[in-house]
Amino acid sequence: QKPAESPPKEQLSVKKLRVVLFALCSSTDAAAEHFRNPPRRIRRWLRRFQSLLRRDPSPSSEGKYLSLEAEEKLAEWVLTQREQQLPVNEETLFQKATKIGRSLDGGFKISYEWAVRFMLRHHLSTHSRRAVSHPLPKEIQGNAWNFVEFVQRQIHAQELPLSMIAAVDEISLFLDAEVLGSDDRKENALQTVGNGEPWCDLVLTVLADGAVLPTLVISRGHRLHPPPQTPSSILLESTERGCADEEIMELWASRVWRRHTELRPGSKGMLVLDSHRTHLSDEVLAVLSSASTLPAVIPAGCSSRIQPLHVCIERAVKSFLQQRWKEQSKEFPDFSCDSSALLRPLLRWLGEALEIIARSPDLVQKSFQAVGVLPGAAPRNNGDVQEELIAALEEQLKLGKNRRASPESTEFPENSDPEPDPEILHRLFEGESETESFYGFEEADLELAEG
């Protein structure tokens, strides 16, 4: 079904709305490159549309639109797609909306205006700096509340030390070989979303006491020894054939978490991790159980609100790596096929970012508090807290000027510099566990609420 092409006079043109939709689905920088428009102009268009939406929240075009219930189902799909690192763009959004809207008599009207309104109404922009305070779709909001209550109850009942409460998540990096071989576009070759196998995966781990555990880097394509002067904060694993999702977690469990728990014999722990298309493997569950560590799997679609790493650390790491790439990629020699050579500067940049984050334990602790997983720690103004944490970390990483914006213009502040490129599309994990099998935890204490 072709989108409607006749917006009212007070609206942005269809062409401008399409650019804005692209920016909401991915990033301002990506939209600027794709449509050859300055980022500042795109942000101005979006602020103009936001102003219109505040004056008139109802669709202004004629025709049938999705009900609120149907829109919430679509919003849940967007959040889940992003968690699974699957594309959310104009094509996939319209396809899914059409599928959901088939139940309406006579169909419904698809337009770019409707799509932009939908993304803004449900706070689905990847630019949001206050995501932890935004409501989730009704169907999954209850799951999020039940999860937070369960985690808080377990931490309190089991008297878990902050040094044994961890959040883990994965960032996948992709190299576009065609762009990499182009001198004038090389700076855009490194992406955090892509088709096929990633170039490498980064598995980040932080603790509720503010500590940062070593980051596991898994490189595909060549077997490599860690380059000289690889930072101690990085563990490199390279494979020729690549790793399945469960194998990545198995490597992480053996090389990172097991080593951490061996230094704290007898301590129980908890691991907060996101849902994914594949389940936690038996091998990973065995490692966690032997270390008396309970996996707390975030319900699907809820990661942007209750994953501590999503508060500010992941987006800052991705933006930092992409900024370093853009600054230095033109100096790279012509080895577009030698991805192993490109790994050396990446490890160096990652080490820089991890060192800065490790020097800010308060920032890590407040990330756990902002999502409310620690007993009695959820601040009422957690949106303000997230915005402040993002600004503080971006300043430390020198990711551009940061100005505090009003709540209405948080996502695209007036007169701001271009936002970093924080696509929230991650390799995540989905799993169920036989909770009674985890050593040190009573079955009655581990009864998960159904949501």
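Across the whole structure, a search finds 5 aromatic pairs. To pair, rings of Phe, Tyr and Trp (its six-membered ring) need centres within 6.5 Å; planes under 30 degrees apart count as stacked, over 60 as edge-to-face and the rest as tilted. This is a predicted model, where local features need pLDDT of at least 70, side-chain atom pairs count only at pLDDT 80 or more, and totals for chains, interfaces and linings use all residues. Residues are numbered from 1 along each chain as its sequence is written, and side-chain values use heavy atoms, with hydrogens and water left out.

**Aromatic pair**
- W325 and W349 pair edge-to-face, at 6.5 Å centre to centre and 85° between the planes.
- The pair links distant parts of the chain, 24 residues apart: W325 sits in helix α13 (residues 313-328) and W349 in helix α14 (residues 339-358).
- Helices here are DSSP runs (H or I, at least four residues), numbered from the N terminus.

**α1 and α6**
- The axes of α1 (residues 14-25) and α6 (residues 112-121) come within 9 Å and cross at roughly 30°.
- Axes are lines fitted to C-alpha atoms, for helices over the stretch in contact, with angles from 0 to 180 degrees between N-to-C directions.
- α1 and α6 are therefore roughly parallel to each other (under 35 degrees; over 145 is roughly antiparallel, 65 to 115 roughly perpendicular, the rest oblique).
- Their crossing is left-handed (near helix turned anticlockwise from the far one by less than a right angle; right-handed if clockwise).
- V14, L17, R18, V20, L21, L24 and C25 of α1 make the contact with Y112, E113, A115, V116, M119 and L120 of α6 (contact means heavy atoms within 4.5 Å).
- By class, the contact of α1 with α6 has 11 nonpolar, no polar and 2 charged residues (Ala, Val, Leu, Ile, Met, Phe, Trp, Tyr, Cys and Pro are nonpolar; Asp, Glu, Lys and Arg charged; the others, Gly among them, polar).

**α2 and α3**
- Helix α2 (residues 28-35) and helix α3 (residues 39-55) have axes that come within 9 Å and cross at roughly 115°.
- That makes α2 roughly perpendicular to α3.
- The crossing is right-handed.
- T28, D29, A31 and A32 in α2 meet P39, I42 and R43 in α3.
- This contact divides into 4 nonpolar, 1 polar and 2 charged residues.

**α4 and α7**
- The axes of α4 (residues 68-83) and α7 (residues 138-158) come within 8 Å, crossing at roughly 55°.
- That makes α4 oblique to α7.
- E72, E76 and L79 in α4 meet K138, E139 and I140 in α7.
- The contact residues comprise 2 nonpolar, no polar and 4 charged.

**Confidence**
- The protein averages a pLDDT of 81, and 78% of the residues score at least 70 (pLDDT is the predictor's confidence in each residue, from 0 to 100).
- Over residues 401-437 the pLDDT is below 50, yet this stretch has 134 contacts beyond near neighbours in sequence.
- Residues 447-451 stay under 50 as well, with 8 contacts beyond four places in sequence.
- Where pLDDT is low, the predicted coordinates should not be read in detail.

Key
Helix = DSSP H or I, 4+ residues; strand = E, 2+ residues; numbered from the N terminus.
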